[in-house]
Amino acid sequence: MNTLALSFFTFIFLTSAVSQARTYNVAVLYWSMKIPGQVAMREGFEEEINAYNKVNEENKIKLTPYVAGEGREGLLRQIEQLDQAVKSAPDAIVIQPADITILSRGVQDANRKNIPVFVYDQYVVNAKMTSYISSDNYQAGWDNGLYIDSQFPPEKVLRIVPFEYFRVSATVERMDGFFDALRSRNRKFTVLGHFEAVEPVGGLKAAQEYLKKFKRGSVDVIFTNNDGGGLIIVKTLWDEGHKKLVHATVDGDPASIENIKNKKMTVIDSAQFCGELGRETARTMVHFFQSGKVEPVKFIPTFPVTSESLKDYPGWMGRPTEKVRFQSLRDLLIKEAKVGKLKRGAVIKVGLTPSCPYLCEMGPAGWSGYLYDILESAAKENNLKVEIVSLPSEKLLPALQSQQVHFVISPISKVRYTPDLRIVGPKLGMSLAGALFTPGVKLQLVDSDSLADKRIVFAQLAHENPMHLPPSDFNRSLKISGGEIGDRMTKLIAERRVDLALGDYNVLRYNMLRRQLLSFEIQPTSLAGYNALVLVGHPKDPEHGGLPLILNQWFETHRASGKLEKILKKYNLKDWNIFAL
């Protein structure tokens with residue numbers, strides 16, 4: 001009897017063990033295998049997965065890798081790869097996006113099929129991510145700015161040329177951190193020009209364009225958003241005799257570290273812990289498989305490599321260390337709050353450009369719009385009063401500089417390269433171009449070439465960057481301006497006179513809600529880059545330290561309470577909490 005019982009329970013145990021054993025199929029979408037930092041991220045990710053598989057005989061993880069590649073072809077390829085991955089119904093999808101918008105629809109398809117999506121390095125707009133892990137890119141740019149400031153006499157007006165890339169969140173945040181840091185030190189600077197570069201081919205082209213425009217000695221500083229494009233830029237300019245340039249960059253490529261050692265133009269490289277970024281993504285996915293829960297957002301610190309800190313830098317595949325730490329923006333805001341504390345009943349004048357859903361004119365009844373609702377709520381909770389000063393977008397900065405207002409709210413693109421102001425407080429939204437169309441129109445909007453066979457109507461609706469799409473380049477397209485643009489756009493689509501409308505994504509979404517355009521579809525695009533909306537103050541305003549901290553506290557409290565979500569829902573908007581400080 002005991003033998004039979006033992007055999008029975010042994011059978012049950014073995015059957016249970018077999019039933020629990022499984023293989024997790026994971027589709028992994030890599031961006032580039034030519035950008036060394038991204039190769040290191042892949043190595044870290046796969047290293048951690050291999051380590052997991054070695055000690056987990058019963059529950060293996062099987063990776064199906066895809067590589068998009070660079071340029072336009074890479075963008076189109078990654079869209080197709082995500083579609084393939086979703087159709088294969090894996091247990092999870094891991095993505096390093098090549099663009100913040102092109103994968104939105106694909107990730108939404110994965111969301112509908114309940115496939116967990118783990119995103120690293122860049123962000124995907126308007127999609128639900130199980131986990132998002134990135135380097136602290138803003139701090140990387142901030143550290144660069146502080147160090148560059150320290151390399152010049154205080155009275156020096158720096159002549160700067162940045163090499164940008166505004167299609168992914170990481171490189172945008174680096175650029176913003178760099179210039180915010182310079183402003184935090186009251187550094188005078190002028191931006192003489194800017195170029196686009198993110199990988200070697202684009203970097204060489206940008207360097208050649210730079211050489212055509214600038215003579216030796218006419219520029220003090222170049223800032224490259226990464227080493228993928230930056231290394232070839234440094235080599236090209238150095239070989240052409242531009243050896244007095246001071247160069248700042250981000251990534252930590254070993255070749256760039258050698259340039260610092262050899263005093264070859266580069267003085268600081270805010271290094272990512274690329275291997276750790278990949279490893280942490282893998283660990284997060286494993287934890288999700290085991291528990292079903294993960295921390296939704298995580299930032300890996302960067303390391304400011306300079307001639308002074310070289311000895312402490314553990315390399316791309318090393319583990320994060322904070323042996324070198326520069327002042328952060330949060331440190332600065334806390335320090336300034338003690339100086340700029342607002343008194344009860346204080347009136348704060350904020351300049352804003354009316355455009356729904358940001359700020360809506362309500363006639364004699366006053367204002368509405370999500371920015372107004374947030375400002376009004378924060379003011380009431382702190383016994384303050386906000387006075388909205390309605391201004392055209394081109395008059396926002398002049399009003400601030402003449403101190404007619406205490407603050408303005410502006411797209412960061414309009415103030416990014418402007419000295420003598422302060423960008424403070426939490427991000428107040430995100431704006432980018434959107435495409436509105438009927439579902440029968442098939443779109444893969446990776447660039448303006450995607451519009452070549454489409455009839456389009458476009459306009460500058462609110463805060464998105466100008467798209468510079470001349471109607472003559474496209475089939476039967478038109479640019480419109482004036483009042484009620486959103487209504488006119490949707491009417492043109494409804495009447496089949498155009499295939500799609502391009503304009504501010506948030507305005508188009510709000511208009512869809514207001515008019516109940518249930519048969520329309522909207523996609524975010526990177527055609528004009530993307531913008532964070534920021535609170536901009538005057539550095540000589542004694543009150544500029546108070547409101548930013550009040551808003552930081554408001555967002556922290558009401559993201560948790562649900563009040564922010566309730567406000568945004570009124571305007572058909574989603575939270576931009578990925579950009580929270």
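Q: Which cysteine does a disulfide join to Cys356?
A: This is a predicted model, in which local features need pLDDT of at least 70, side-chain atom pairs count only at pLDDT 80 or more, and totals for chains, interfaces and linings use all residues. Residues are numbered from 1 along each chain as its sequence is written, and side-chain values use heavy atoms, with hydrogens and water left out. A disulfide is a pair of cysteine sulfur atoms within 2.5 Å. At an S to S distance of 2.2 Å, the disulfide joins Cys356 to Cys360.

Q: Is Cys360 buried or exposed?
A: Buried means under 20% relative accessible area, exposed over 50%, and partly exposed in between (1.4 Å probe, protein chains only). Cys356, at 25%, counts as partly exposed. The relative accessible area of Cys360 is 1%, so Cys360 is buried.

Q: What is the strand order of the open sheet of six strands?
A: Strands (E, at least two residues) are DSSP runs numbered from the N terminus, and two of them pair if DSSP finds at least two bridges between them. The pairing in this sheet is parallel, and the order is 2-1-3-4-5-12.

Q: Why is one side of strand 2 and of strand 12 left without a neighbour in the sheet?
A: Strand 2 (59-67) and strand 12 (297-300) stand at the edges. One side of each lacks a neighbour because each has a single partner strand.

Terms used
Helix = DSSP H or I, 4+ residues; strand = E, 2+ residues; numbered from the N terminus.
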